[in-house]
Amino acid sequence: MSKQILTAEEKEQQRLERKERLTIDDNYEPLVPDPQYILQVNQLKKYFPIKGGFISRTVGYVKAVDGVTFNLKRGSTMGLVGESGCGKTTAGRTILRLSGEKTGGQVLFNGREVYDLDRKEMHDLRPKMQIIFQDPFSSLSPRLPVSDIIGEAVREHNIVPKEEYEDYIDQVMDNCGLQPFHKDRYPHEFSGGQRQRICIARALALNPDFIVCDEPVSALDVSIQAQIINLLKDLQEKYHLTYLFISHDLSVVEHISDKVGVMYLGSLVEYGDTDDIFANPLHPYTKALFSAIPIPDPTVKMNRVILKGTIPSPANPPKGCKFHTRCAYCTERCKKEAPVQREVEPGHYVVCHLYDK
C-alpha cells in the first residue's frame, strides 16, 4: 500500500487544524451575581487531556463539558437529562469542584466564584454543597457503621456541639426513614433503598443548601424509587433545599423537576420550565429523547423518532452543530456554523438554527 505524500501546504494546513482543535477558547461575558439564584453556571467547560507519544504530551482533549450555561433558583429542582456519556455527571461534579480545576467558564454559588476560593474557604463551603452518588453501595465505606458514615463530616465541620451529637444523628436518620437500631450496622446489611437513604442522610446531616442528585434512583426497584423520590421532595419542602437532579428516567424528571436541561455531547441543547419542555420540545434531539417515553396505554401508537448514525466522540466533536450528524433537519449551515443559545419563548432556551430569527 503506497504512502500518501503531502505537500508543504497540506502539512501546514493539518498543523493549523490540529492547533485549532487543541486551543481552548474561553471567551465569555462574565456574570453579574444575582441574589435570586443560588447557582449560576456560565459557559462551564471541563476538558480531559489525551496524552500520546514517548513524552506523553497532550495531543487532544475529551470535551466532557463544553459550554454549559444555566441558572438555578433557591428551593427549586433542575433536572439534567441526556444519553449516557453526554457529560451530565461530569457537569455536576465540576460544579461542586470534585473533578479538579475547571477548563473554563464560571460557577457562582451564592454569588461567589467557587473556583476562586482558597482551601480554607472551600472547606467552609463544603457543607452547603453536597452530592448523592449514583451507586449507594460503592459510595459508602464498608468499614464504618452507619452512625460514623453519617456523623464523620458532622464532627469534621462542627455542625453541632459534642453533647448534642448523638441526638442530632438520631434526628437526621429519622428524617430519612432510618431507625435508631440501624446505627451500629454496616452498609452490606442493608437493602439498596436503605443504603440510598443512608447516602441522603449523610448529605442532609451537614445542613446543605444545594444537593447534586446523581441518578439517585437508577439502581433501585420501581417501588423503592417512588419512596426515595417522595423522600427527596418532602426534605426539600421541609428544609428549602435546591436540587440538581441528574437522571435518565424522564418520567421521574418530569415529576420532581421545576426546570429541565437537555445535554448532548457536553453541551446544553435545550433548557426551560418542565411544563414547557415536555409540552413543547423544540430541539430535534429533545423530540427524539421524549419520543422514547413509554405510554401506559396499549391502544396508543407511539411515534418514535429513531436517530440514525452513532454518537460522535467528545474527543473529536463535529464542526458546526454537534447534533448535525444525526439530525433529520440538517442543512449546510448546520455543518459549518455552531448555533447559539436563543430564548424562543419566555424562559425557554434552545440551541438550534431552526429557531434563528
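1. How much space lies in the second largest pocket? The volume there is about 380 Å³, where a pocket is an open set of points on a 1 Å grid over the protein atoms alone, with protein on both sides within 12 Å along at least five of seven lines. Grid points are joined across faces, edges and corners, and a volume is the space filled by probe spheres set on the points.

2. On provenance: this is a predicted model, in which local features need pLDDT of at least 70 and side-chain atom pairs count only at pLDDT 80 or more, while totals for chains, interfaces and linings use all residues. Residues are numbered from 1 along each chain as its sequence is written, and side-chain values use heavy atoms, with hydrogens and water left out.

3. The second largest pocket is lined by 17 residues, and the closest to its centre are Q130, I131, A153, R202 and L206; a lining residue has an atom within 4 Å of a point. Two or more lining residues come from each of β6 (129–132), α4 and α6. Helices (H or I, at least four residues) and strands (E, at least two) are DSSP runs, numbered from the N terminus. The lining has 10 nonpolar, 4 polar and 3 charged residues. Here Ala, Val, Leu, Ile, Met, Phe, Trp, Tyr, Cys and Pro count as nonpolar, Asp, Glu, Lys and Arg as charged, and the others, Gly among them, as polar.

4. The helices α4 and α6 also pack on each other, at an angle of about 25° with axes 8 Å apart. Axes are lines fitted to C-alpha atoms, for helices over the stretch in contact, and angles run from 0 to 180 degrees between N-to-C directions. The pair is therefore roughly parallel, a label for angles under 35 degrees. The crossing of α4 and α6 is right-handed, that is, the near helix is turned clockwise from the far one by less than a right angle. V146, I149 and I150 of α4 meet I198, A201 and R202 of α6, contact being heavy atoms within 4.5 Å. This contact has 5 nonpolar, no polar and 1 charged residues.

5. Helix α4 (residues 146–156) packs against helix α5 (residues 165–175) at about 115°, with the axes 10 Å apart. The crossing of α4 past α5 is right-handed. On the α4 side the contact uses V146, S147, I150, G151, V154 and R155, and on the α5 side Y165, Y168, I169, V172 and M173. These residues comprise 8 nonpolar, 2 polar and 1 charged.

6. Helix α6 (residues 192–204) and helix α7 (residues 222–239) have axes that come within 10 Å and cross at roughly 15°, which makes α6 roughly parallel to α7. The crossing is right-handed. From α6 the contact takes G193, Q196, R197, I200 and L204; from α7 it takes I224, Q227, I228, L231, L232, L235 and Y239.

7. The structure holds 2 cavities of 30 Å³ or more, a cavity being a set of points where a 1.4 Å probe fits but cannot get out. The largest cavity has about 80 Å³ of space. Its lining includes H283, H324 and H353, together with C321, C327, C330, C334 and C352. By class, that lining has 9 nonpolar, 3 polar and no charged residues.

8. The second largest cavity has about 30 Å³ of space. E83, S84, G85, C86, Y264, L265 and I311 line this cavity, giving 4 nonpolar, 2 polar and 1 charged residues.

Notes: Parallel < 35°, antiparallel > 145°, perpendicular 65-115°, else oblique.
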